[in-house]
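Please read this briefing alongside the sequence and the model.

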Amino acid sequence: MTQNVLEMRSITKTFPGVKALNKVTLEVARGEIHAICGENGAGKSTLMKVLSGVYPHGTYEGEIVFENKTVEFGNLRDSEAEGIVIIHQELALSPYLSIAENIFLNNEVKNPVGLIDWNKTNHEAAKLLARVGLSENPLTRIMDIGVGKQQLVEIAKALSKEVKLLILDEPTAALNDEDSDHLLDLILHLKGQGITSIIISHKLNEIKKIADSVTVIRDGRTIETIAKSDVTEDRIIKDMVGRDLEHRYPDHTPHIGEEVLRVENWTAHHPQDPTRVVVDNVNLHVRAGEIVGIAGLMGAGRTEFAMSLFGRSYGTRITGKVFKNGTEITTRSVAEAIEHGLAYATEDRKHYGLNLIEDIKRNISIAALKKISRFGLVNDNEDFKIANEYRASMNIKAPSVLVPTGKLSGGNQQKVVLSKWINADPDVLILDEPTRGIDVGAKYEIYTIINRLAAQGKAIIVISSELPELIGISDRIYALSEGRITGELPVKEATPEALIKLMTMENAR
Amino acid sequence: MPTNRFTAALSHVVSDLGKNGIFIALIAVIVFFSITTDGILLRPQNISNLIVQNGYILVLAIGMVFVIVAGHIDLSVGSVAAFIGAVSGVFIRDLGFPWWLAIIGALAVGALVGAWQGFWIAYVGIPAFIVTLAGMLIFRGLALVTLGNANIGSFPEEYRALGNGFLTDVLGEFAVDPLTLAVGAIAIIAIIVQTWRTRRARQSYAQDVEPVFWFVAKILLVIGGLGAFSFALASFKGIPVTLIVLAALVLIYGIIQNRSVFGRHVYAIGGNRHAAELSGIKTRQVDFFLFVNMGVLAALAGLIFTARLNLAGPKAGDGFELEAISAAFIGGAAVQGGIGTIGGAIIGGLIIGVLNNGMSIMGIGIEWQQAVKGLVLLLAVAFDVFNKRRNGGR
């Protein structure tokens with residue numbers, strides 16, 4: 001009996017025209033936390049789909065040995081029966097059902113007659129919630145709890161299935177630091193109970209924190225597996241991108257000019273609950289060529305501030321003044337905001353940023369159709385030309401600009417979103433989590449683009465949950481807590497510790 | 001490499017055929033019914049009838065495809081058509097309007113009806129399904145009220161021409177009408193010139209264009225199809241007025257769909273409403289105008305139908321909404337919105353028309369006609385879903 005709980009041997013998976021996995025080998029020791037790293041498109045998710053039976057036996061080459069026996073899964077249920085549970089990046093919970101109902105979905109607790117035993121369901125659910133450290137009523141609906149807690153419900157659901165091997169696909173991608181920490185602690189805790197975990201993540205600091213070994217995949221091949229003692233961020237990055245990345249953030253020499261945007265006493269209330277203040281008396285300014293960061297925990301009102309400013313896309317009872325180049329302006333609608341040279345690139349590309357069924361070209365031009373139209377008619381060829389220019393200058397990796405944006409990787413989707421807003425010729429760009437869910441190489445490209453925009457004299461506001469990123473690219477950082485600006489630091493004084501202190505500052509009301 | 005160019009050309013043709021599957025389906029249906037009806041389907045008189053009988057469905061389908069692309073639906077068009085027919089009857093019989101004023105007035109009432117529904121949908125935020133379901137009842141009721149439970153018959157000749165008029169013997173009497181042939185020829189030349197110019201413009205912007213042989217083959221197909229069609233019309237009564245109206249609508253709405261800012265906005269809204277809003281598109285305004293437009297087109301369909309029957313009756317427009325919606329979906333529109341074309345909807349409408357017409361000629365009863373049409377709708381959409389899945393979509 002080896003000490004490996006899982007061995008994937010020489011897995012090759014071919015899609016029409018592409019070899020997604022090429023003789024990938026993965027060995028996971030019993031009871032460890034094993035991290036898998038790789039750029040988007042490297043083949044991590046494909047590998048996990050092979051493992052969990054989404055791609056059934058026979059559609060790939062190679063061998064999977066689980067618990068010392070060769071397994072041939074035909075579908076997800078087969079792998080779950082063996083105790084392999086995968087939690088996807090996009091959570092598979094039904095928003096209108098309760099926590100307990102979700103946990104036991106398709107695995108219902110039944111009485112002898114075959115009807116659902118609700119008392120037992122809720123009781124078992126409560127026990128599972130206690131195990132994952134979530135103090136919520138099992139009857140609460142999923143839509144009423146935050147995404148961090150939903151993640152815990154997913155894990156509770158996995159535990160209900162007697163999980164032996166837990167696979168988490170970018171579990172902290174949508175979580176703030178606090179929720180992430182809690183989740184990572186939980187994974188460590190489960191390790192203590194003998195549950196092996198595979199965690200796919202982009203966040204190198206958390207991998208360093210919890211992983212016992214790291215396997216890096218690049219271009220569908222296993223590069224190496226690194227033991228905990230040898231793990232360094234630089235080594236992982238080098239493996240992932242195949243070259244040395246001396247600097248995670250490109251050099252940036254600011255040429256700061258006149259003030260472009262000033263916001264005074266900006267206040268917005270919650271749209272469903274108008275008595276709740278979500279953005280509280282915010283004052284900030286940004287100058288030409290300056291990159292200003294906004295740091296804050298999730299729920300601090302960062303996105304809400306940006307969206308309420310951008311054409312009142314969020315909130316009610318919005319008050320405050322906006323000055324552009326010293327003159328007061330109003331931004332009552334998105335069209336008006338764009339007119340005044342504002343642009344807002346959303347944190348949620350898929351839901352708020354892109355029309356995924358439409359091609360790159362039409363997505364890029366949609367916010368600035370005026371530029372290429374006369375008498376209400378669009379010049380399609382001009383559209384094509386402009387899109388091609390962006391494809392080249394932003395390095396959007398696609399065979400043509402007629403590819404639907406839904407088929408692009410996260411990094412390339414983000415480049416399309418940025419192209420769209422650059423094409424609208426803004427003076428102020430608000431970038432909300434510009435590198436969320438995209439890989440290290442593409443992040444570097446996005447930073448370079450941001451620097452280029454600043455060098456052109458645009459005023460840039462970057463909202464990010466990743467403090468190293470904010471510190472790495474900003475010239476000045478505001479900290480936001482519970483809707484209020486709790487501090488403003490030039491980048492020289494901005495350490496993660498100082499920022500976290502400001503970000504968690506309680507309001508004295 | 002020649003093999004590479006050949007395979008590239010081949011894949012172009014195959015993908016084109018895939019995209020135009022609906023067009024091939026229309027040809028298949030036509031061929032099928034020409035055989036089963038011993039060629040009656042393709043007789044000049046019948047071809048002319050096909051256009052005139054289905055004109056109002058095609059008019060509705062044009063409006064409906066925009067509504068569906070934006071992610072809505074309109075169940076009220078049949079009732080609105082009946083209501084407008086009745087209103088036009090009152091304008092002429094009771095108010096003594098001249099025919100042209102009656103038509104303009106009726107279209108204006110259609111716009112008001114659309115504005116009413118658009119208001120609830122766009123500005124109050126009630127789903128279009130509910131608003132137009134209510135509209136279906138409201139305007140059917142109002143049609144009955146307007147008619148006072150009786151038919152209004154006998155309309156002026158100019159009005160009636162909308163439904164069954166022809167441009168006959170304008171240049172004198174001939175066995176084959178020369179004007180119709182001339183118009184057909186002009187249409188063919190215009191299409192060739194336009195496709196050629198588009199191709200040249202695309203080339204000058206260094207975009208991919210289709211291989212020459214395929215380009216030529218398509219043009220030959222257009223020449224053959226349109227030529228035969230105009231010859232058929234010329235050998236019967238000439239150009240139907242309904243066809244002129246339709247051609248104008250297809251031209252105008254084709255430009256709106258393909259080239260206008262408004263069209264882009266409709267597709268953007270259908271594809272992702274939130275993203276469209278955050279791109280500065282005035283989504284409410286677009287929704288509102290879509291329904292005003294649908295109201296006007298429903299009114300036009302009502303006028304054509306009334307003109308054709310020379311009668312405004314309480315049962316007019318019954319089931320029109322279902323045929324128009326079917327036409328859009330058979331033509332490839334997506335239930336979730338964001339996808340659909342006028343060309344597709346017109347072809348979808350023609351498929352329904354040929355089915356109606358062919359089965360009637362064969363003497364198949366109305367009950368089976370219904371069932372077959374339902375099955376065709378289901379199969380068409382199933383084919384579409386299957387096709388998308390095969391291409392790697394979800």
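How many residues of chain B are in contact with chain A, and how many of chain A with chain B? Counting contact as heavy atoms within 4.5 Å, 27 residues of chain B touch 33 residues of chain A. This is a predicted model, in which local features need pLDDT of at least 70 and side-chain atom pairs count only at pLDDT 80 or more, while totals for chains, interfaces and linings use all residues. Residues are numbered from 1 along each chain as its sequence is written, chains are lettered from A and ligands numbered from 1 in the order in which they are written, and side-chain values use heavy atoms, with hydrogens and water left out.

**Interface of chain B and chain A**

- The two chains bury about 2400 Å² between them, 57% of it on carbon and sulfur atoms, where buried area is the accessible area (1.4 Å probe) that two parts lose on being put together, summed over both.
- Of the area that chain B buries against chain A, B:Tyr205, B:Arg264 and B:Leu278 supply 33%, more than any other three residues.
- Two salt bridges are found across this interface, a salt bridge being a side-chain nitrogen of Lys or Arg within 4 Å of a carboxyl oxygen of Asp or Glu.
- B:Arg264 and A:Asp383 join their side chains in a salt bridge, with 2.9 Å from N to O.
- On the side of chain B that touches chain A, at least two residues each come from helix H8 (178-204), helix H10 (241-259), helix H11 (261-271) and helix H12 (273-278) of chain B; helices (H or I, at least four residues) and strands (E, at least two) are DSSP runs, numbered from the N terminus.
- H11(B) gives the largest share of that side, six residues.

**Aromatic rings**

- Over all chains there are 17 aromatic pairs, taken as rings of Phe, Tyr and Trp (its six-membered ring) with centres within 6.5 Å, and called stacked with planes under 30 degrees apart, edge-to-face over 60 and tilted for the rest.
- A:Phe310 and A:Trp421 are edge-to-face, because their ring centres are 5.7 Å apart and their planes stand at 85 degrees.
- A:Phe310 lies in the loop between helix H9 (302-309) and strand E14 (316-324) of chain A and A:Trp421 in helix H14 (residues 410-423) of chain A, so this pair ties together parts that are 111 residues apart in sequence.
- Both A:Phe310 and A:Trp421 are buried, with buried meaning under 20% relative accessible area, exposed over 50% and partly exposed in between (1.4 Å probe, protein chains only).
- In chain B, B:Tyr123 and B:Phe288 form a tilted pair, 5.6 Å centre to centre with 55 degrees between the planes.
- B:Tyr123 belongs to helix H5 (residues 99-124) of chain B and B:Phe288 to helix H13 of chain B, so the pair links parts 165 residues apart in sequence.
- B:Tyr123 is partly exposed at 39% relative accessible area, whereas B:Phe288 counts as buried at 18% relative accessibility.

**Single residues**

- B:Val286, in helix H13 (residues 283-309) of chain B, counts as buried because its relative accessibility is 6%.
- Leaving aside neighbours within four places in sequence, B:Val286 is in contact with B:Phe262, B:His265, B:Val266, B:Ile269 and B:Ile281.
- B:Ser154 has a positive phi, near 55 degrees, in a residue other than glycine, and is found in the loop between strand E1 (152-153) and helix H7 (157-164) of chain B.
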